[in-house]
Amino acid sequence: MIIVGGEALVDLVPDPSTMDGELGPLLPRLGGGPYNVAVALGRLGVAAGFVSRLSTDQFGDALLDRLVASGVDVSGVQRGPEPTTLAVVGLAADGSARYSFHVEGTADRLVADPGPLAPAATALALGTLSLVLEPGASAYEAMMRREAGRGLFVSLDPNIRAGLIPDPDAYRARFRSWLPQVTLLKLSVEDADWLGADVPGWLGQGPAAVLLTHGGDGLEVRTVAGLSVRVPATEVDVVDTIGAGDTVHAALLGWLARQDALSRDALGALTERQWTAALEFAGRAAALTCSRAGAEPPYAAELQSP
């Protein structure tokens, strides 16, 4: 089972009928980077569990229901009376998204360390706001260090939200301190630039592979073994890009799980041909997410070859 830890929130997305320059209605869409990864894994038929704290408000109930409907194990979900985190989304003409967050006193940032993960856990995926906002960030960091210490595959997607990081230099130093625990590092090229764009250095500090998303220009992986593989993006009519990177993350983890490659040695042994197949699969999954509003990852049946 792949365990995903991190925030679950509600994206408030502009109504598609809103005219340019107008402030129209905002539609609630369930989301949050780690939450989207868990939902995508479940929909792809990959055994997945979610560790977070959800509100007991109406949004929290809806977030929990969607996890269950997607086949995600929710035994690691904590509940509390605090409100659900909200993200107000602004969409550009090309469908790309920018975010402003309402995070003070919300449920997901108050998650408690659940202690050692069950023996069934094969990987731990973390990232986004959950590794920024305290006190939850320290709880997830403790999970990362403990589980990596016992040899678990750790996947990290920082998914930088710069507006919520008051001390960029301190965060960058903290990010570097995580690298020895990380097996797979997933970044957008914008994230990589913000963090210092030091892929060779990051590989040298721990990760067996770094996955880079280039938006409409495709996906790329670089490995500690010296491989560099890049595939073009799958063509699609983009509605918006919300959840696209999260779908890439989940689809790649799912592909690796099915290849029994959720280990440092197995990741390092993948060939160029295998990486190409993995990236193409992840790209097709992300394209389907981009073809519909909000973070709506595909189901396995949608990705079956004709």
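Modeller: The dialogue below takes up a strand, a hairpin, the cores and a helix pair in this predicted model.

Biologist: With which sense does strand β12 pair with β13?

Modeller: β12, residues 219-223, pairs with β13 in the antiparallel sense over 4 bridges. R222 has S228 in β13 as its bridge partner. The two strands form a hairpin with 4 residues between them, and G226 in the turn has a positive phi of about 100 degrees.

Biologist: How many residues does the largest nonpolar core have?

Modeller: Nonpolar side chains tend to be buried together in soluble globular proteins. Here the largest nonpolar core has 50 residues, and those with the most contacts inside it are L41, F50, L256, L267 and W275. A second, separate core of 40 residues includes L9, M144, V154 and I160. Leaving aside neighbours within four places in sequence, F50 is in contact with residues including V4, P34, Y35, L67 and V77.

Biologist: At what angle do the axes of helices α1 and α7 cross?

Modeller: The axes of α1, residues 33-43, and α7, residues 244-258, cross at roughly 45 degrees and come within 8 Å. That angle makes α1 oblique to α7. Their crossing is right-handed. G33, N36, V37, A40 and L41 in α1 meet D246, H249, A250, L253 and G254 in α7.

Methods:
Residues are numbered from 1 along each chain as its sequence is written. This is a predicted model: local features need pLDDT of at least 70, side-chain atom pairs count only at pLDDT 80 or more; totals for chains, interfaces and linings use all residues. Side-chain values use heavy atoms; hydrogens and water are left out. Two strands pair if DSSP finds at least two bridges between them. A nonpolar core is a set of buried Ala, Val, Leu, Ile, Met, Phe, Trp, Tyr and Cys residues joined through side-chain atoms within 4.5 Å. Buried means under 20% relative accessible area, exposed over 50%, partly exposed in between (1.4 Å probe, protein chains only). Contact means heavy atoms within 4.5 Å. Axes are lines fitted to C-alpha atoms, for helices over the stretch in contact, and angles run from 0 to 180 degrees between N-to-C directions. Angles under 35 degrees count as roughly parallel, over 145 as roughly antiparallel, 65 to 115 as roughly perpendicular and the rest as oblique. A crossing is left-handed if the near helix is turned anticlockwise from the far one by less than a right angle, and right-handed if clockwise.
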